[in-house]
Amino acid sequence: MTFSRRTTRIAAIAGAAAFALIATGCSSSSTPASTGSSTDPITLTVSTFGTMGYDDLYKQYEADHPNITIKATNIDTGDNAKTDWQTKEAAGSGLPDVQAVEEGWLSAVMQVSDQFNDLSKYGANDIKDRWVDWKLKQATDKNGRIIGYGSDIGPEGLCYNKTDFAAAGLPTDRDAVATLFGGSSATWDDYFKVGAQYKAATGKAFYDQSGFLWNAMVNQQKEGYYKADGTLNVDGNADLKALWTKLSAATSSGLSANQTAWDWGKGKAFTDGTFSTFVCPGWMLGVVKGQVTSAGGDASTGWDFANVFPGGAANWGGSFLTVPTQSKHPQEAADLAAFLTDAKSQAAAFGVAGTFPSVTAAQTDPAVTGTNALSTFFNNAPIGQILADRAKGVVAQFKGPDDSVIQSQVFGPSIQEIDSGKADGATAWNDAITLLNQLVVNK
């Protein structure tokens with residue numbers, strides 16, 4: 001199992017990008033035209049993953065900078081992108097001019113931060129007030145070097161299917177749904193209680209699989225798999241174990257549909273009522289739309305987005321654009337990264353992929369707060385406004401060097417155990433601790 005974001009409808013997204021750029025009026029005026037230190041023709045390579053909504057921004061940048069050609073590579077998942085980066089980093093060659101880094105493996109990057117350019121030398125000090133303060137801090141190493149420009153952040157709301165809710169006799173209006181789950185005081189107990197009601201009425205599961213819920217539960221803690229001092233925080237962590245027990249009990253009662261994440265039966269589970277709720281950071285909205293449309297559905301399938309989340313504020317993911325020292329064109333690469341993460345570009349990307357901006361000015365841009373292709377798909381939900389509300393109270397959690405390993409390879413197999421009914425919660429927890437010792441503690 002992987003917890004990293006994944007693209008499923010690149011072609012559709014690319015088409016939608018044109019609309020987003022038109023809607024936002026994104027143009028060369030969003031970033032001062034700069035050809036960096038060279039006016040000679042050059043090619044900049046970019047490596048991203050998942051749904052980042054950059055395709056039309058690349059075209060815009062090339063049009064504004066005739067000497068620059070962008071060669072972009074998109075890798076399906078953050079985990080695979082991490083492996084690709086680590087392989088090329090170890091080889092000492094092959095890294096792109098601009099490397100996207102996911103929050104989950106940022107700490108691994110920070111361990112070799114000297115292998116990335118200090119963007120302060122390429123204009124970062126002139127634009128560092130763009131971002132929410134914690135995003136900039138995440139990308140600043142212990143020596144004060146800024147090694148990444150923030151793209152999105154991942155405040156989480158709750159996706160639900162109003163058609164399925166109606167069949168279960170539950171409210172369908174998104175405000176009433178938020179109230180149903182407890183509003184601003186929503187808890188996981190509230191969520192599982194409604195899930196039990198839903199299952200009793202329909203006989204169907206409530207969520208797709210347990211992994212994303214576990215991910216959210218961990219991210220909501222002040223300290224997750226690591227303490228702030230960098231030490232491991234899993235074995236003996238009573239709070240995490242209590243949450244695991246709560247989740248495994250709900251799953252054992254039949255609330256999980258035991259779906260394969262990032263596939264979901266090629267999207268069919270989003271259209272046939274296999275489950276009716278789904279945890280949704282902003283970037284996941286584009287994934288949901290892609291899954292529904294790939295399975296032949298559309299907006300009438302009934303997915304909506306509510307301003308509520310069990311357990312309170314949660315953040316899942318968010319990325320950075322870095323410039324490895326392997327780049328032969330660091331100034332031009334830094335200029336491109338600055339363009340892709342400026343306010344207008346982040347607003348345009350949001351309209352395509354739901355990537356909620358980390359730049360404060362973009363969070364109030366009409367392209368984010370108003371109507372776009374994604375909001376139309378989600379029953380005209382004000383998704384930008386909802387995500388802005390969901391971002392309140394988010395606190396950046398320290399991520400250790402093996403954070404993504406613990407999520408995917410330590411707890412992933414145990415989550416499959418409880419979803420499939422092959423192990424109870426206690427057994428699955430112990431199995432996770434065994435894997436923790438093998439893969440992280442004694443590696």
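Guide: A residue counts as buried under 20% relative accessible area, as exposed over 50%, and as partly exposed in between. The model before us is predicted.

Visitor: Why is D189 called partly exposed?

Guide: The relative accessible area of D189 is 46%; a residue would have to be under 20% to be buried and over 50% to be exposed, so D189 falls in between and is partly exposed.

Visitor: What makes the pair of D189 and K246 a salt bridge?

Guide: The closest N and O atoms of D189 and K246 are 2.9 Å apart, and the limit for a lysine nitrogen and an aspartate carboxyl oxygen is 4 Å, so the pair qualifies. D189 lies in helix 9 (residues 188-202) and K246 in helix 11, so the bridge ties together parts that are 57 residues apart in sequence. K246, at a relative accessible area of 28%, is partly exposed.

Visitor: How many salt bridges does the structure hold?

Guide: There are eight salt bridges in the structure. One of them joins K268 to D272, with the closest N and O atoms 3.3 Å apart; K268 is partly exposed at 49% relative accessibility, and D272 is partly exposed at 34%.

Visitor: What makes the pair of F350 and F356 edge-to-face or stacked?

Guide: The ring centres of F350 and F356 are 6.2 Å apart, and the pairing limit is 6.5 Å, so these rings pair. Their planes stand at 75°, and planes over 60 degrees apart count as edge-to-face, so the pair is edge-to-face. F350 counts as buried at 0% relative accessibility, and F356 likewise counts as buried at 0%. By the pairing rule the count comes to 43 aromatic pairs, and one aromatic cluster is formed by Y160, F165, F181, W188, Y191, F192, Y198, F206, Y207 and F309.

Visitor: How do you know where K135 lies relative to F320?

Guide: K135 lies over the face of F320, at 4.0 Å from the ring centre, and the distance limit for such a placement is 6 Å.

Visitor: How do you know what span is expected for helix 20?

Guide: Helix 20 (residues 425-441) has 17 residues, and at 1.5 Å a residue the expected span is 24 Å. From its first C-alpha to its last, helix 20 reaches 22 Å, close to that value. G425, A428, W429, A432, I433, L436 and V440 are buried in helix 20, and the buried residues of this helix pack against helix 10 (211-219), helix 11 (238-255) and helix 19 (403-420).

Visitor: Why is Q259 called buried?

Guide: Q259 has 18% relative accessibility, and buried means under 20%, so Q259 counts as buried. Q259 lies in the loop between helix 11 and strand 7 (277-281). Leaving aside neighbours within four places in sequence, Q259 is in contact with D208, Q209, W264, G265, A269, T274 and F275.

Visitor: Why is S107 called buried, and which residues does S107 touch?

Guide: S107, which lies in helix 4 (residues 106-110), has 14% relative accessibility; this is under the 20% cut-off, so S107 counts as buried. Not counting residues up to four places away in sequence, S107 touches K399, G400 and P401.

Methods
Residues numbered from 1 in each chain as written. Predicted model: local features only at pLDDT ≥ 70, side-chain atom pairs only at ≥ 80, totals over all residues. Heavy atoms only, no water. Phe/Tyr/Trp six-rings, centres within 6.5 Å; stacked < 30°, edge-to-face > 60°. Buried < 20%, exposed > 50% of the residue type's maximum accessible area, 1.4 Å probe, protein only. Lys NZ or Arg CZ within 6 Å of the ring centre and 35° of its normal. Helix = DSSP H or I, 4+ residues; strand = E, 2+ residues; numbered from the N terminus. Expected span 1.5 Å × (residues − 1). Contact = heavy atoms within 4.5 Å. Salt bridge = Lys/Arg side-chain N within 4 Å of Asp/Glu carboxyl O.
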